[in-house]
Amino acid sequence: MYLFGLGILLMAPLGIVRYHSLFWQFTGRRLGLGWTAGRERALDAAVNAALFVPLGFLGHRWWRAGSPPSWATASATLTIICLVAASVELAQIFLPWRSASVVDVFCDAIGATAGAGLDALFAQLALRSRHRGP
């Protein structure tokens, strides 16, 4: 379900401008932050990274298949996710309602790295708790 939703968000023509303007209206009223081009780019980068955190977490968990985390499992997971992110951006070049960006690939990679890191952290904590025993 997550992958289906992610695919829709990355490829479908969405009226994103409306949602962004609602976000800036809310933050302007509540936090005193108004719209600027820099804040819009920062929001876009944060959203891209956040979308790929679960993919990195689940991808790393699947790739290591119950074994302890290693640099090899993290590298393989992140390589595949970066290739997927680059492929999505390449596909967006041919969609007139979307825009492709190399920055989006970097933000996706940052999010996936954070997700894989969280999985590795949780796996290490679980291993430590098993070794301590009752």
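The legends below describe close-up views of a predicted model. Residues are numbered from 1 along each chain as its sequence is written, and side-chain values use heavy atoms, without hydrogens and water. Local features need pLDDT of at least 70 and side-chain atom pairs count only at pLDDT 80 or more, while totals for chains, interfaces and linings use all residues.

**View 1. Glu 89 in helix H4.** Glu 89 lies in H4 (residues 71-93); helices here are DSSP runs of H or I with at least four residues, numbered from the N terminus. Glu 89 has a relative accessibility of 6% and so counts as buried (buried is under 20% relative accessible area, exposed over 50%, partly exposed in between; 1.4 Å probe, protein chains only). Leaving aside residues up to four places away in sequence, Glu 89 touches Ser 99, Ala 100, Ser 101, Asp 104 and Val 105 (contact is heavy atoms within 4.5 Å).

**View 2. Helix H4 along its length.** The 23 residues of H4 reach 33 Å from the first C-alpha to the last, close to the 33 Å expected at 1.5 Å a residue (the expected span is 1.5 Å times one less than the number of residues). Buried residues of H4 include Leu 78, Ile 81, Ala 85 and Val 88.

**View 3. The aromatic pairs.** The structure holds two aromatic pairs (ring centres of Phe, Tyr or Trp, the last by its six-membered ring, within 6.5 Å; planes under 30 degrees apart are stacked, over 60 edge-to-face, the rest tilted). Phe 57 and Phe 122 form an edge-to-face pair, 6.1 Å centre to centre with 70° between the planes. This pair links distant parts of the chain, with Phe 57 in H3 (residues 37-64) and Phe 122 in H5 (residues 102-132), 65 residues apart. Phe 122 is partly exposed, at 41% relative accessibility. The ring centres of Trp 62 and Trp 63 are 5.8 Å apart and their planes lie at 65°, so this pair is also edge-to-face. Trp 62 is exposed at 64%, and Trp 63 is partly exposed at 37%.

**View 4. Packing of H3 and H5.** The two helices pack at about 45°, with their axes 6 Å apart (axes are lines fitted to C-alpha atoms over the stretch in contact, and angles run from 0 to 180 degrees between N-to-C directions). H3 and H5 are therefore oblique to each other (under 35 degrees is roughly parallel, over 145 roughly antiparallel, 65 to 115 roughly perpendicular, the rest oblique).

View 5. Ala 65 sits in the loop between H3 and H4. Its phi is near 50°, a positive value in a residue other than glycine. Ala 65 counts as exposed, at 63% relative accessibility.
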